[in-house]
Amino acid sequence: FFFFFFFFCCWFRFRLSWQLARVMFGVIVAGRLVQGSPQRIAENQFVFVLEAAEAIKHLVVFMTGEVPFQDGVGGSIYMGWPSSLESGGEVAWQFLGHVGNDKPSAIFKVSQIKPSQGIQSPFGMLPTAASISPSVAQLVILVEPLAQIVQQTPAAGSTASSTDTVVEFTKKMLENFYNYASSFGMDAAQVAQHPRETFVPASVLRRWFENFQRRLEMNPTFWKD
C-alpha cells in the first residue's frame, strides 16, 4: 500500500508539472506587442519582465488556451515594481487579481507604488533583471488553489472598470466629432453662398464640447439621468 501511495504521489506531481509546463500565459502592456514567453522560475511560478515600468498604465494577462488549469486551480497575478536606491533594493509587490478556466483573461489598471505600500513577496527573491535595473518591473503568475486566491484582496484601483472604458471611448468620440465638424468651417462670405443651409457657430460647438467633457469628468454616468 505504501509503495502504491508513493507511486501515485510521484505520478500526480509529474502530471501537474508536465501540464504546467505546457500552460502558456501571455501579457499585453497597452501600446506594446504581446509577450508570450514567461520565464518559469519554479514548478508553479512564471514571471514576465516588463521594460520601461514607469510608462505602464494598463495591461492584460491572459491564458492562451493551450491547456486549461486543473479543477480548483488558478493563477494569481502579482506586479513587482522596480527597486530604487532609496528603497535599499526592495521590490514593491501588488496583488492584482487572477486568471482561471472561468476567467481566462483580465485587464488591470496599474500605478507604481513604494515598497512601504506593497505586500511581502509570497515567492521569495526572483532572479530577474528587475533586481538590478530601476526601469524593469516583474509580473508573476503563481499557480495555486482558487480557494486560496479568492481570500486575497486586489490592490485598490488595479481593476480597470467598465466606467473607465466608457469615459475613454466617449472622450475619443467627442474629439473625433468636434474635429470632423470643425473641418467644415466657413467664413461669412462662404456662408452667404449657401442660403438654404443652416449653420451653427463654431463657438457653440466648442462650448458644448467643453461642457460635456467637464460633466463627464465630474460624473461619468450623468447622461443616464
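This is a predicted model: local features need pLDDT of at least 70, side-chain atom pairs count only at pLDDT 80 or more; totals for chains, interfaces and linings use all residues.
Across the chain the pLDDT averages 76, and 70% of the residues score at least 70. Confidence falls below 50 over residues 5–12, a stretch for which the model has 1 contact beyond near neighbours in sequence. A pLDDT under 50 is likewise found over residues 127–131, although for this stretch the model has 8 contacts beyond four places in sequence.

The largest nonpolar core comprises 26 residues, and those with the most contacts inside it are Phe-25, Leu-50, Leu-59, Val-61, Met-79 and Leu-139. At least two residues of this core are supplied by each of strand 1 (25–29), strand 4 (45–50), strand 5 (58–63), strand 6 (73–81), strand 7 (92–99), strand 8 (105–109) and strand 9 (137–145).

When neighbours within four places in sequence are left aside, the contacts of Phe-25 include Phe-46, Phe-48, Phe-62, Met-63, Phe-69, Val-99, Ile-141 and Val-143. Phe-25 is also in contact with Gln-35, Gly-36, Pro-38 and Thr-64.

Gln-213 lies in helix 5, which spans residues 202–218. Because its relative accessible area is 18%, and buried means under 20%, Gln-213 is classed as buried. Leaving aside neighbours within four places in sequence, Gln-213 is in contact with Lys-171, Leu-174 and Glu-175.

Key:
Residues are numbered from 1 along each chain as its sequence is written. Side-chain values use heavy atoms; hydrogens and water are left out. A nonpolar core is a set of buried Ala, Val, Leu, Ile, Met, Phe, Trp, Tyr and Cys residues joined through side-chain atoms within 4.5 Å. Buried means under 20% relative accessible area, exposed over 50%, partly exposed in between (1.4 Å probe, protein chains only). Helices (H or I, at least four residues) and strands (E, at least two) are DSSP runs, numbered from the N terminus. Contact means heavy atoms within 4.5 Å. pLDDT is the predictor's confidence in each residue, from 0 to 100.
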